[in-house]
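Visitor: I have a structure open and would like to go through it piece by piece. Can you take my questions as they come?
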Amino acid sequence: MLFSAERIQRLAPDVVLDIVAELAYWQSCYPYRHFFSHQLPFEAYIPSFKFGYDTFLLYFKQDFFEVLPALEIRYRQLP
């Protein structure tokens, strides 16, 4: 399961992540941001946000270019 309190504490103990608050924020921005396609409902973006937050927790404080190959593999494995 993504984002359980135990997982966040284990992966990134210095990070506080409230996924419900994060998704609520992005949903409130959705009507006003040009990088969203308004032909899609906000719910279509939720898996991408969750992937991003989960990736942040997994690779917290690691260099982006070092983890890029792993990110590509994880992204291709998404359902």
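**A helical chain, piece by piece**

Guide: Start with α4, which bends by about 30 degrees at A70. Keep in mind that this is a predicted model.

Visitor: How far apart are the end C-alpha atoms of α4?
Guide: They are 18 Å apart. Helix α4 covers residues 64-76, and its 13 residues at 1.5 Å a residue should span 18 Å, so the two values agree.

Visitor: And which residue caps the N-terminal end of α4?
Guide: D63 does. One of its side-chain oxygens lies 3.0 Å from the backbone nitrogen of F65.

Visitor: Stepping back, how many helices and strands are in the protein chain?
Guide: Four helices and zero strands. Read from the N terminus, the order is α-α-α-α.

Visitor: What share of the chain is buried?
Guide: Buried residues are 28% of the 79 residues. The accessible surface of the chain is about 6000 Å², and 60% of that belongs to carbon and sulfur atoms.

Visitor: Which residues make up the largest nonpolar core?
Guide: There are ten: L17, I19, L23, Y30, F36, F42, Y45, F49, Y53 and L57. Two elements, α2 (19-29) and α3 (46-58), each give two or more residues to this core. The most come from α3, which gives three.

Visitor: Is Y45 buried or exposed?
Guide: Y45 counts as buried because its relative accessibility is 16%, and the cut-off for buried is under 20%.

Visitor: What does Y45 touch?
Guide: Not counting residues up to four places away in sequence, Y45 touches Y30, F36, S37 and L40. With S37 there is also a polar contact: the side chain of Y45 reaches the backbone nitrogen of S37 at 2.6 Å.

Visitor: Now α3. Which of its residues are buried?
Guide: The buried residues of α3 are F49, F51, Y53, D54, T55 and L57. As for its length, the 13 residues of α3 should span 18 Å at 1.5 Å a residue, and its end C-alpha atoms are 18 Å apart, so α3 agrees with expectation.

Visitor: What is the relative accessible area of T55?
Guide: T55 has a relative accessible area of 11%, so it is buried.

Visitor: What does the side chain of T55 reach?
Guide: The side chain of T55 reaches the backbone oxygen of F51, at 2.7 Å. In general, an α-helix has 3.6 residues a turn, so residues three or four places apart point the same way. Leaving aside neighbours within four places in sequence, T55 is in contact with L71 and R74.

Visitor: And P47, is it buried or exposed?
Guide: P47 is in helix α3. Its relative accessible area is 52%, so P47 is exposed; the cut-off for that is over 50%.

Visitor: How far is P47 from L78?
Guide: Their C-alpha atoms are separated by 9.1 Å, while P47 and L78 are 31 residues apart along the chain.

Visitor: Last one: what share of the contacts links residues 24 or more positions apart?
Guide: Such pairs account for 42% of the contacts in the protein chain that have a separation of 6 or more.

Key: Residues numbered from 1 in each chain as written. Predicted model: local features only at pLDDT ≥ 70, side-chain atom pairs only at ≥ 80, totals over all residues. Heavy atoms only, no water. Expected span 1.5 Å × (residues − 1). Bend = angle between axes of the 7 residues up to and from the residue. Polar contact = N/O pair within 3.5 Å; in protein donor to acceptor, adjacent residues only side chain to side chain. Buried < 20%, exposed > 50% of the residue type's maximum accessible area, 1.4 Å probe, protein only. Contact = heavy atoms within 4.5 Å. Areas by Shrake-Rupley, 256 points an atom, 1.4 Å probe, with all protein chains shown as cover. Core = buried A, V, L, I, M, F, W, Y, C linked by side-chain atoms within 4.5 Å.
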